[in-house]
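The following questions and answers concern one protein chain. Please keep its sequence and structure in view while reading.

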Amino acid sequence: MRHIIYSALLCSLFLMAGCAGFNRYPTGGSLVLENLAATVKVIRDEKGMAYIYADSLDDAMHALGYVAAQDRLFQMTLTRLFAQGRISELAGEIARGLDIRHRTLGFYRQAAVLAENLAPEDQRLLENYIAGINAYIQTGADSYPIEFKLAGIAPEPWTVADSLSILYYMSWDSSANLKSEIIAQMLIERLGATRAGEIFPLNINPDDKEHPAEADPPASAAALSVSADAMLMGFLHNGAKEIGSNNWVTGPAQSDGGKPIVSNDPHLETGILPGIWYPAGIITPDLRIVGVHIAGLPVMPIFRNEHVAVGITNAYGDVQDLYIETVDPANPDQYLEGGNSIAFTIIDETLKIRDKNEKSGFREETVEIRYTRRGPVVSDVLKGLDTDKVMSLRWAPYEPMKSRLGVAAFMRAKSVDEIRRCLTGFDVIMLNFIFGDTAGNIGWHVSGRLPVRSNGDGSIPTAVTNGADNWIGFVPFDEMPHAYNPDKGWLGTCNHNTVTQDFPYYYSTFLSPSYRYRRLKQLMEEPGVKTAKDHWAFQRDTVNLMAERLVPFMMDTLADTDETIDLAEILRQWDRRDDIDAAGATIFHAVYERFAWHTFVDELGEDLAKTMLGTWYFWQERFEQLILTDRLDHWFDDITTTDKRETKQDILILAAMEARADLSASLGNNPAKWQWGKIHRHIFVSPIRREGFGKGLLGGGDWPAPGSVEVLYRGIYDYNVPYDVKISASLRMVADLADAEKVLAVMPGGIAGRIFHPHAKDQIPSFMEGEKVYWWFSDREVENNAQSVLMLTP
């Protein structure tokens, strides 16, 4: 849903011919930038990346806002409109539901409150950054991206609240437990609590001495008919994504230069050019840093400076709870907490929806948003009960707010200890921060605020029966998952379950299967020191450990049937790497996914099966357990057949026969030629032309893609619409603190968010083919690779 706007913006040939002129913004020479304290020098390298030399961080942030707007103003505008629930101003009625959800969640309302209470240093730095954005908006009209004309909108001035709304929006997009709770509730309603519990998520921490015992069945829940609720289903199907990431750090003993090496590849939606991250360098008398931020939000979560390097992954702590609220039958404007009737808090939001039938080109619609003491009502009224119910949502980043983001302190950190202190106040998002310093220390700490619950664990919706608060506090920062300087000499996270069985608090039920982290452990435990080049290769590793576990069973079963014996032989010869030329990878994934479908569809029905299987993290590790043990074999029996009890072998053969028919239709009848890269594709498109005529001209190509859902080289696709890549590495960075000259880093796109710009998609070939690209760190390398110099004067 977030990309509906892109399909609505059409590009005409006569406009394409003139687009190049709109990319002529100043990157050399000099110009006046008001409110600077001193002259700032901006050097652009061969990638178009800006290195900002300033006498102060305030001036550097001012210049950073200016150059980011030069390169990414249209992208920044779209991100802001998404965050603020205004995308129907561009896309019309089709975006109305998305806007209502984002207005209901209230990213901008919350951001406005935080902006009024922000710590002075954070306030000053954000204001300087925004002053730079607004300076370009005020003076750069002759070089605005052509995308604004094509979209029929104009740039608007920015505020601190605009930037902070993006922070909340990105935090929401990394919070996915709401999806898990909705699916769990749907399963309970369909199957009953005990049967549903058999296929609830299984989250294994490979570092734990004990693996999870079988969970108790979930508490019985009310039959809420959530699948019939359009608003709630909108949060499920168009809500937070299963974004992920890999990050790790090796200590001095495992690094060839004797200092830590930090590696990070955050996994986000990567098909839309130029990519989410905006890289830049800042050099002041007391700071030298290269890293990335989201254009419009000047917080650098991934960077290296002269002393430390930092990378992030999604930590997936459960910071969202759904509550079942009872509307007072005597007064629908109120809800019940036990015997107390309390008035809903009402907020009216006005949507401006593009409508060609209106004289002004827009129509307005007022939306009423209801709040309980826990948060906004995120469902329509849930029918089917004696008393109408609604669901409210509680989200930890909204309570209680702290005023300090610590942007400057984070960028200036000189040690692992200073990074740790900075994270104590960074509670708006739950991330795994991995870091190392030049003294040889390494660390990992989870940021954010994890609720401590007195009633239930948040894995299914909680019924409100009285006025008691079931969030009785938050896990203290020092007790959040963390590790420092471990004996093994390295640390890493892959969105997996990082807490052990003795962790005293409920953490989450929605986490990545452990396959990527298990593979990372194998690589890290190989003897010998590792170089930056080794880590660069590890990020592109395609070994599929899930396949290693399941292929023996698949081979044995398929070899017993004449119709599938050739598929078994290809699987036997396959090296378990999801490489583009591997027929075994194609067969494995196609059979595996149909195997899951036929296992669950008879019990769940098609709609619920699509919903659950479309949420990879919910079921994969549990499904492996079903396959490799015999305890729950009843799941493989097709309950629609009354004259036979099917086995898992029967269902696997059925899946293989179906896969053969489908793949033969698209790839031909010879399974040995079913190469993975023929169907697993990474397609890069312009935000203004995702489909149809002009897509190829404006886009970045259609590439055979290695990797899959389960491997370090991430290539996630939609289970229900395979196999085009939806989520992959949005950046690959390897920062060797022993290398004072450069940082390995590449993006699936480029620096500039402008069609026909030479740096809009120039990094794609290097990204896809594994070629080395660098951020320059030393003055010497910046100067050696300089392509232009722009002087910004007060």
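Helices and strands are DSSP runs, numbered from the N terminus; a helix has at least four residues and a strand at least two. The model discussed here is predicted.

Q: Is Glu771 buried, partly exposed or exposed?
A: Buried means under 20% relative accessible area and exposed means over 50%, with partly exposed in between. The relative accessible area of Glu771 is 40%, so this residue is partly exposed.

Q: Which residues does Glu771 touch, not counting residues up to four places away in sequence?
A: A contact requires heavy atoms within 4.5 Å. Ile94 is 677 residues from Glu771 in sequence, and their C-alpha atoms are 40 Å apart in space. With residues up to four places away in sequence not counted, Glu771 touches Trp536 and Ser766.

Q: How many helices and strands are there in the chain?
A: The C-alpha trace of the chain spans about 85 × 70 × 60 Å along its principal axes. Within the chain there are 25 helices and 30 strands.

Q: Why does the chain count as being as compact as a globular protein of its length, and what is its radius of gyration?
A: For 794 residues, the globule rule gives 28 Å. The value for the chain is close to this, so the chain is as compact as a globular protein of that length. Its radius of gyration is 26 Å.

Q: What percentage of the residues of the chain count as buried?
A: The accessible surface of the chain comes to about 28200 Å², and carbon and sulfur atoms account for 49% of that surface. A residue is buried when its relative accessible area is under 20%. Of the 794 residues of the chain, the percentage that count as buried is 65%.

Q: How far apart do the centres of the positive and negative side chains lie?
A: The chain has 75 positive side chains and 106 negative ones. The centres of these two sets lie apart by 4 Å.

Q: What is the mean pLDDT of the chain?
A: Over residues 1–19, pLDDT stays under 50. It also stays under 50 over residues 382–387. In the chain, 92% of the residues reach 70 or more. The mean pLDDT of the chain is 92.

Q: Where is Val601 found, and is it buried or exposed?
A: Val601 is found in helix H19, which covers residues 583–613. Not counting residues up to four places away in sequence, Val601 touches Glu606 and Ala609. Its relative accessibility is 18%, and the limit for a buried residue is under 20%.

Q: Which residues is Gln123 in contact with, leaving aside its neighbours within four places in sequence?
A: Gln123 is found in helix H7, residues 120–139. Its relative accessible area is 18%, so Gln123 is buried. Leaving aside neighbours within four places in sequence, its contacts are Ala115, Leu118 and Val160.

Q: What is omega for the cis peptide bond that joins Leu273 and Pro274?
A: Most peptide bonds are trans. Pro274 lies in the loop between strand S5 (261–269) and strand S6 (277–284). The bond that joins Leu273 and Pro274 is cis, with omega about 5°.

Q: In which strand does Tyr723 lie?
A: The peptide bond from Pro722 to Tyr723 is cis, and its omega is near 10°. Tyr723 lies in a strand covering residues 721–729, which is strand S26.

Q: Is Asn35 buried or exposed?
A: Most residues other than glycine have a negative phi. Asn35 has a positive phi near 75°, and it lies in the loop between strand S1 (29–32) and strand S2 (40–44). At 67% relative accessibility, Asn35 counts as exposed.

Q: Is Arg576 buried or exposed?
A: Arg576 is not a glycine, yet it has a positive phi of about 70°. This residue lies in the loop between helix H18 (565–573) and H19. With a relative accessible area of 13%, Arg576 is buried.

Methods:
Residues are numbered from 1 along each chain as its sequence is written. This is a predicted model: local features need pLDDT of at least 70, side-chain atom pairs count only at pLDDT 80 or more; totals for chains, interfaces and linings use all residues. Side-chain values use heavy atoms; hydrogens and water are left out. The radius of gyration is taken over C-alpha atoms; the globule rule is 2.2 Å times the number of residues to the power 0.38. Buried means under 20% relative accessible area, exposed over 50%, partly exposed in between (1.4 Å probe, protein chains only). Accessible areas come from the Shrake-Rupley method with a 1.4 Å probe; for residues, only the protein chains shown count as cover. Lys and Arg count as positive and Asp and Glu as negative; His and the chain ends are not counted. The place of a charge is taken as NZ of Lys, CZ of Arg, CG of Asp or CD of Glu. pLDDT is the predictor's confidence in each residue, from 0 to 100.
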